[in-house]
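Here is a short walk through a protein and its ligand. Keep the 3D view open as you read.

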Amino acid sequence: MSSSRTISLMRFLIEEQRAHPHINADLRLLIEVVARACKTISIAVGKGDLGGLLGEAGSGNVQGEAQQKLDVLSNEILLEANAWGGHLAGCASEEMDDPHPIPDVYPKGNYLLLFDPLDGSSNIDVNISVGTIFSVLRCPDGVTEPRVEHYCQAGTTQVAAGYTVYGPSTLLVLTLGHGTHVFTLDRELGSFVLTRRDVKIPAETREFAINMSNQRHWEAPMQRYIDDLLAGQQGPRGKDFNMRWVASMVADVHRILTRGGIFIYPWDKKDAAKPGKLRLMYEANPMAFIVEQAGGKATTGRERILDLQPTALHQRVPVFLGSSAEVDAAMAYHREHDSQS
Ligand code: P6P
């Protein structure tokens, strides 16, 4: 039950607004609307087979991926929730080729919302945790019909970012630029309650997350880095490592946020034209903001993700993120390789 000790998301946002004036009423409304939409998604995901929403929708998205029914529903829930509030100038989604304008019947606001409505959705049919990832940008002054170029802002310009995990409990992880905080959905109250304030990722780790089946396709420094992790105590790193790979970025990142680790989705030559698998604008950038606010690091293996200047809405990027000392160690392998080539 709620008590004066429990801090709801709404109370947290009001107290953050008092402390940081850039958090205005529209941004507060945006976060609350997205959180409410994620509660609806959590209910739909939680029904599993009983909801008649498992399996493929029979359509594909701009990524060339088959859409799950819940991908389509989650996308629609987020679009509908954010249409009427007057806080957004537009939305962009992994599931839509082009930016989505706010219908003319509603007032427009000063923020741009980008999201992956249901990350890891290929895991839904096997009942593994999935989630929503979102990023908030300011719409450039004077722009009322934002186009792709208005969304293509560096990750350092984000005003907020978050993800949810629809797992044993439903969690909302949020940063507004002043720390990373965790809220747990109290299903009796129907609201998110602050359960961890200002999370910090341990700088060191013995755990890495990567899809090892791609190993033969990685570039040389990546091969050497992982080989040295696998060599354990007898190897150059002088300690044994553990591996985890959920194949849901939200689940892997949340484990890292909670106990440390490094998450890597590097470039591989399976499809050499693609710079990586994960999308910059609504996966890598929001996760990088969240991780950095928790004291971690997020790079491409060579440069800071948040500094990248985007050129396309759905562009992909290699991702190394998590415990700062381990991200530095992985970058050192790439730096040494590059200095010799
Ligand atoms: P793989 C899910 O499709 C996703 O975008 C991320 O959530 C996840 O980390 C990655 O792809 C998994 O990729 O190649 O292991 O299936």
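Begin at Tyr265. One of its polar side-chain atoms lies 2.6 Å from an oxygen atom of the ligand. Keep in mind that this is a predicted model. Trp245 places a polar side-chain atom 2.9 Å from a ligand oxygen. For Lys277, the distance from a polar side-chain atom to an oxygen atom of the ligand is 3.0 Å. How much of the ligand does the protein bury? Taken alone, the ligand exposes 400 Å², and the protein buries 84% of that.

Now look at the surroundings. The ligand sits in the largest pocket. Around the ligand are 13 residues. The closest are Asp119, Asn211, Trp245, Met249 and Tyr265. By class, this shell has 6 nonpolar, 3 polar and 4 charged residues. Two strands stand out here. Strand β13, residues 262-265, supplies at least two residues of the shell, and so does β14, residues 278-279.

Next, turn to the aromatic rings. Across the whole structure, a search finds 4 aromatic pairs. One of them joins Phe12 and Phe183. A pair of aromatic rings is described by the distance of the centres and the angle of the planes. Here the centres are 5.1 Å apart, with 75 degrees between the planes. That makes the pair edge-to-face. What does this pair tie together? Phe12 belongs to helix α1, residues 9-19, and Phe183 to strand β9, residues 180-186, so the pair links parts that are 171 residues apart in sequence.

How values were computed
Residues numbered from 1 in each chain as written. Predicted model: local features only at pLDDT ≥ 70, side-chain atom pairs only at ≥ 80, totals over all residues. Heavy atoms only, no water. Near = heavy atom within 4 Å. Polar contact = N/O pair within 3.5 Å; in protein donor to acceptor, adjacent residues only side chain to side chain. Areas by Shrake-Rupley, 256 points an atom, 1.4 Å probe, with all protein chains shown as cover. 1 Å grid on protein atoms, 1.4 Å probe; cavity = no way out; pocket = protein on both sides within 12 Å on 5 of 7 lines; lining within 4 Å. Sits in = over half its atoms within 2 Å of the grid points. Helix = DSSP H or I, 4+ residues; strand = E, 2+ residues; numbered from the N terminus. Nonpolar A, V, L, I, M, F, W, Y, C, P; charged D, E, K, R; others polar. Phe/Tyr/Trp six-rings, centres within 6.5 Å; stacked < 30°, edge-to-face > 60°.
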